[in-house]
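Here is a friendly briefing to read alongside the sequence and the model. Please keep both in view as you go through the points below.

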Amino acid sequence: ILILSATITTFPVFYKTTVFLSSTHVFVFAMLFSVLAVYCANKDTLFGYITSAICLIISLSCYQAYMPFAVTLFLFSILLDALENKKISNLVKRVLITGIVVMVAAVLYYLIWQLLLSVFNLQANEYRGESITMSSLFSIDTIARLIQSYVLGFYMMFKGLFYRGNLFLMS
């Protein structure tokens, strides 16, 4: 009850947009496994990294749109370590391992998805007229846009800029 009350009062947009959907439980389940993936990776053990990849695969299986949410949580976790004055070598190691975990989870999810499609003789639906392929997920353009959006987000966060409509406003 306490968590539900806190969610409703501090994050009403999430509550209002999902309270009437029949798939809310799937969205929250995907978000839970995104958070669990970051928690497990923070254990800094091989078992933690494997568990993190499994949690990301489950999250992707539920709702693929929460992968950027998980990546953002990973980045914030690394940023917190940087603010705690951890060694640069440890931060670089953590960034590389996190990137490997995310890539392994994405590739394994895609392979499992393709396997299930072939076993059950199904065909994937198109989304807005585009079919999802491995080359579209990891294209140079997609990766460049992803990096650009994170750089812009961190720039705006540290400079106190917030995007509202077509204007950048100072906070």
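**Briefing on the predicted model**

Gly99 is partly exposed, with 31% relative accessible area; here buried stands for under 20% relative accessible area, exposed for over 50%, and partly exposed for what lies in between (1.4 Å probe, protein chains only). This is a predicted model, in which local features need pLDDT of at least 70 and side-chain atom pairs count only at pLDDT 80 or more, while totals for chains, interfaces and linings use all residues. Residues are numbered from 1 along each chain as its sequence is written, and side-chain values use heavy atoms, with hydrogens and water left out.

**Overall build**

- The protein has eight helices and two strands; helices (H or I, at least four residues) and strands (E, at least two) are DSSP runs, numbered from the N terminus.
- Read from the N terminus, the order of elements is α-α-α-α-α-α-α-α-β-β.
- Of the 171 residues, 25% count as buried.
- Taking contacts between residues at least 6 apart in sequence, 57% join residues at least 24 apart, where contact means heavy atoms within 4.5 Å.

**The nonpolar core**

- The largest nonpolar core has 20 residues; such a core is a set of buried Ala, Val, Leu, Ile, Met, Phe, Trp, Tyr and Cys residues joined through side-chain atoms within 4.5 Å.
- Helices α3 (24–41), α4 (46–62), α5 and α6 (88–119) each supply at least two residues of this core.
- Which helix gives the largest share of this core? That is α4, with six residues.
- The residues with the most contacts inside the core are Ala37, Leu56, Met67, Phe74, Val101, Val102 and Ala105.
- Val102 touches Leu56, Met67, Val71 and Phe74, leaving out residues up to four places away in sequence.

- The 18 residues of α3 should span 26 Å at 1.5 Å a residue, and its end C-alpha atoms are 26 Å apart, which agrees; the expected span is 1.5 Å times one less than the number of residues.
- Buried residues of α3 include Phe27, Ala30, Phe33, Ser34, Ala37 and Cys40.
- Ser52 lies in α4 and is buried, with a relative accessible area of 0%.
- The side chain of Ser52 reaches the backbone oxygen of Ala37 at 2.8 Å.
- Beyond residues up to four places away in sequence, Ser52 touches Ala37, Cys40, Ala41, Phe74 and Val101.

**Helix α5**

- An α-helix has 3.6 residues a turn, so residues three or four places apart point the same way.

**Helix α6**

- Gly99 has its place in α6; in sequence Gly99 and Val71 are 28 residues apart, while their C-alpha atoms are 8.9 Å apart in space.
- Tyr109 also lies in α6 and counts as buried, at 15% relative accessibility.
- Neighbours within four places in sequence aside, Tyr109 is in contact with Ile57, Leu60, Ser61 and Gln64.
- Tyr109 and Ala53 are 56 residues apart along the chain, and 9.6 Å separates their C-alpha atoms.

**Loops with positive phi**

- Asp44, in the loop between α3 and α4, has a positive phi of about 60° although it is not a glycine.
- At 44% relative accessibility, Asp44 counts as partly exposed.
- Asn85, in the loop between α5 and α6, has a positive phi near 60°, again in a residue other than glycine.
- Is Asn85 buried or exposed? Asn85 is exposed, with a relative accessible area of 71%.

Notes: Polar contact = N/O pair within 3.5 Å; in protein donor to acceptor, adjacent residues only side chain to side chain.
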